[in-house]
Amino acid sequence: MSAWRRLHVKMRVIRGFLASTWVTQRHSCRCGHLNFCRSLSTGGPLRNDFFKELEASLAAMRKKAADALPGSSWSPLEINPNLPPERADIVIIGGGVMGWSIAYWLKQKEMVREGVRVIVVERDPTYSQASTVLSAGGIRQQFSLPENIHLSLASADFMRNINEHLGVVNEDPVDLQFNHSGYLFLASEDVAHIMEKNYETQRYAGAKVSLLSPTQVKEKFPWINTEDVALASYGLENEGWFDPWTLLNAFRRKAISMGVTQCCGEVTDFKYVTNVMMTADGERMEMKRIKYVKVQMPNGLEYQPVECAIVVNAAGAFSGKLAEMMGIGLGPKNSISGIPVPVEPRKRYVYVVHCPNGPGLDTPFLIDYSGVYFRREGLGGNYIAGVSPEEVEEPETSNLEVDHQFFEDKVWPRLALRVPAFEKLKVTSAWAGFYDYNTFDQNGIIGIHPLVNNMYFATGFSGHGLQHSPAVGRAVSELILDGNFKTLDLSNFSFRRILTQEPMLERNIV
Amino acid sequence: MLKILIPTIMLLPTIWFVPPKQLWSSALIYSLMIAFSSLIWLKTPVDTGWSFLNLYMATDSLSTPLLVLTCWLLPLMILASQNHASAEPINRQRAYIMLLTTLQIFLILAFSATELIMFYVMFEATLIPTLIIITRWGNQTERLNAGTYFLFYTLAGSLPLLVALLLLQNSAGTLSLTTLHYTPLSHLTSYAHKLWWAACVLAFLVKMPLYGAHLWLPKAHVEAPIAGSMILAAVLLKLGGYGMMRVMTMLEPLTKELSYPFIAFALWGIIMTGSICLRQTDLKSMIAYSSVSHMGLVAAGILIQTPWGSTGALILMIAHGLTSSALFCLANTNYERTHSRTMLLARGLQMVLPLMAAWWFIASLANLALPPLPNLMGELMIISSLFGWSPWTLLLTGIGTLITAGYSLYMFLMTQRGPLPPHIIALDPSYSRENLLIFLHLLPLLLMMFKPELIWGWAA
């Protein structure tokens, strides 16, 4: 190996400075990347980049010079360099794909450079518990609510042209590995009419979906067992799955290049002022306005109160807990301040299985009417599968331990029933992730809280947040900077429905 | 003269001995009384001579308007700081008002000084309380940077001034302004004399600021708390203008040739800083750059050394002092509610705070020199005397006026009109204190329309 490298170096020297050399590197994929400056495609860089190396070598020279000169770097003001700035205009709590999408769109929409100062506060830079990176990464338009369909369509359009939006000059292009294999929903006899109604809604909204009869399904995908299947709905375009880590890092890289500050810390408290007002009915309302966000450094007692104008709660599964710090939900039970933010973490398992004789490359993301789903992962005969547990069997959420018995009891039987080839499979690995589950109606909450004047919410998407993140980011940035939704009207997702207890149920939750 | 100065000095022990509950109201009423009694300076029988004479201090028609402006500003500063300082411990509040008062004392001494060294010492002395106010009570970490820029730019500019003044003392025997105008200085032909001329004006040009040496101003204005911004914009910049007008009389005939590059810088600065204003996102930064723009016009007016030029410069200094200070107060009312100086985040405020929108309107109109406000009078006199000096300057000043109107309207439309974001619907209504503050800024401006002779200086 080293002899080959030496040969390369000699050849480089011989051919001269301006010639390009081919250097190959092995990258490990998926989780474990802490240095987001590395390329977002899973191949390695194919050419030496003069300017990137120049910057690095200049920085190294400066450091060497500073070390060589006499004098120490001690300063009487021992400030932790990782502290967030003392003030920012918009503090986004939560560095998942939703938070970074909002940060990117805020910077995209400001009309002048450095129009708004945005910082994103994320407490875990390894993203070990974040819902984004533990997601199965699917995107579909097959929802029953038109707003959800529009969100998915807009996000799919964004992701197809991702390099136009998130490409950074002189950096590698973004490769989302968007597999356009589509979703295949299977319906039994009793829910087939719902599927037909949904089909009409989806076609009306512009999604390219087709209904298939069981025989058509069998023709298209011979490996499916169509017993008990009455109807199937197959997405023809803009549906499939992609790499969520790549999307997150693409948003992050672009947002940071546009001037968003990233801060690693945990929000422990808010400093707010309260204004007591009386409504027309004589009810006493306390309107709060957040003045400071207290960010605590990891592994220490240092904290920084960040003065801010707007706070965006994009904390995902932990948004409910964050809202409690503001006193939302801690008031008397029959008043507005007694209604908590109904978002809580729900654990979901994903199992990676290997089946050598499984379905081929055109396998869609199959979702059975029982709730069991699976999709192809990579090209080596691996698939990922899972199911949402029943309400009464929800696993506890204190950790992300995987229950392998769950696979044996709940997933494998129905999977093997639907796809006979899966009777012989081997579970190679599994992981668990949290849904930011909206216990009220399993749909996102987007908008300002009625009692906290400057806290925006973009959370509670219950498993379909990742696929909606580009469009939701755009919507929230329109709310903040333009005052109202401009491209997609998501006012149905506001807090009003929670206050008036009118759920907006989405029928197609997986 | 001492009638005003001694009470101002006595305000210092008053601040420290007053019980905490009455601190702000007593400081306000005391300084308001001093401000009203300073109006007697305006009643002078003679147009050209010195009045209210003392061994070391006197007023004449050049320093009187600036002195009255200084005395008027202290109660306004106390009114403006009341809200944000109330969160601090009582001794810090006392220290804050003490700093404002010492600044006031130094400024009164500076504007009324008859001896140039005394003027110089007071000129430098005003830097210290301002530096303390910016670095201690400013809002961000950048305030240390801002304080450093502010201090060192001014000090570096004024050290040559000290040397030049001592040189003058050696050659002329006296530096008293009362007699210096009458001792003609001849043989000002060698290269050393040209350097001496530059040394004399450089300090004031940095303070004004002239376009090339203006970098300290946006930093200092943005990072300072509201009272710091007010006194900086309203009075400290005018110290530069005043000093230049005093010193220029003895620098003839060198000024005819040597002032060319500085006039060019000043005029170019009007356009450049005006254009920068159009791209600003931070409200206070925008008002700071607009200050540089207006003071560029003042600098050009002083440098051409014509009667109309000096008169226009003086009028514009007073009018701009009041207008700029009013704009900073308005920006502060925004900041105290939304905690952000970014213009993009506080839009459509006309819906929420309509009276404040009216004040914004008047202040923006004053900024863009709407007739018949004194802002226009000053600008017009400077522009016409510049035209008489060279017709080509009309191009630069005309475009400058256009850009000034552009960014003033942009600032008004951006903050008051437009869509109202949902997070600023529920804001505190305007306090009477804030309304009174802006009213007290705009009242003198509107009254000066009716009696401009007060601020004309020596114009016939």
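**Entry 1: basis**

I note that this is a predicted model, in which local features need pLDDT of at least 70 and side-chain atom pairs count only at pLDDT 80 or more, while totals for chains, interfaces and linings use all residues. Residues are numbered from 1 along each chain as its sequence is written, chains are lettered from A and ligands numbered from 1 in the order in which they are written, and side-chain values use heavy atoms, with hydrogens and water left out.

I located B:H339 in the loop between helix 15 (307-338) and helix 16 of chain B. Helices (H or I, at least four residues) and strands (E, at least two) are DSSP runs, numbered from the N terminus. I then listed contacts, meaning heavy atoms within 4.5 Å. Apart from neighbours within four places in sequence, B:H339 is in contact with A:R87, A:K291, A:Y292, A:E307, A:C308, A:A309 and B:N334. With A:E307 there is a polar contact, side chain to side chain, at 2.4 Å. A polar contact is a pair of N or O atoms within 3.5 Å; within protein, one must be able to donate a hydrogen and the other to accept it, and residues adjacent in sequence count only if both atoms are side-chain atoms.

**Entry 2: the interface of chain A and chain B**

I recorded 30 residues from chain A and 28 residues from chain B in the contact. The buried area is about 2,200 Å², and carbon and sulfur atoms give 52% of it. Buried area here is the accessible area (1.4 Å probe) that two parts lose on being put together, summed over both. I counted 13 residue pairs in polar contact between the chains, both residues at pLDDT 80 or more. On the side of chain A that touches chain B, strand 10 (284-296) and helix 11 (465-482) each supply at least two residues. For salt bridges I required a side-chain nitrogen of Lys or Arg within 4 Å of a carboxyl oxygen of Asp or Glu. Across this interface the rule finds zero salt bridges.

**Entry 3: salt bridges**

Over all chains the count comes to 22 salt bridges. I looked at A:E391 and A:R346, whose side chains meet at 3.7 Å, N to O. This pair links distant parts of the chain, 45 residues apart: A:E391 is in the loop between strand 16 (382-386) and helix 10 (404-418) of chain A, and A:R346 is in strand 13 (residues 343-354) of chain A. A:E391 counts as exposed because its relative accessibility is 53%, whereas A:R346, at 9%, is buried. Salt bridges that share partners join A:E344, A:R346, A:R348, A:E391 and A:E394 into one network.

I also noted the salt bridge of A:K107 with A:E110 at 3.6 Å, N to O. A:K107 is buried at a relative accessible area of 5%, and A:E110 is buried at 10%.

**Entry 4: chain A as a whole**

I found twelve helices and 19 strands in chain A. Of its 510 residues, 50% count as buried. Among contacts in chain A between residues at least 6 apart in sequence, 75% join residues at least 24 apart.

**Entry 5: backbone features**

Which peptide bonds did I note as cis? One runs from B:M208 to B:P209, with omega near -5 degrees; B:P209 is in the loop between helix 9 (191-207) and helix 10 of chain B. Another joins B:P371 and B:P372, with omega about -5 degrees; B:P372 lies in the loop between helix 16 (354-367) and helix 17 (374-389) of chain B.

A:Q177 is not a glycine, yet has a positive phi of about 55 degrees. I placed A:Q177 in the loop between helix 5 (162-166) and strand 4 (183-187) of chain A, and at 34% relative accessibility A:Q177 counts as partly exposed.

**Entry 6: a buried histidine**

I placed B:H221 in helix 10 (residues 216-223) of chain B. B:H221 counts as buried because its relative accessibility is 0%. Not counting residues up to four places away in sequence, B:H221 touches B:S229, B:L232, B:A233, B:L237, B:K284, B:A288 and B:F328.

How values were computed. Buried means under 20% relative accessible area, exposed over 50%, partly exposed in between (1.4 Å probe, protein chains only).
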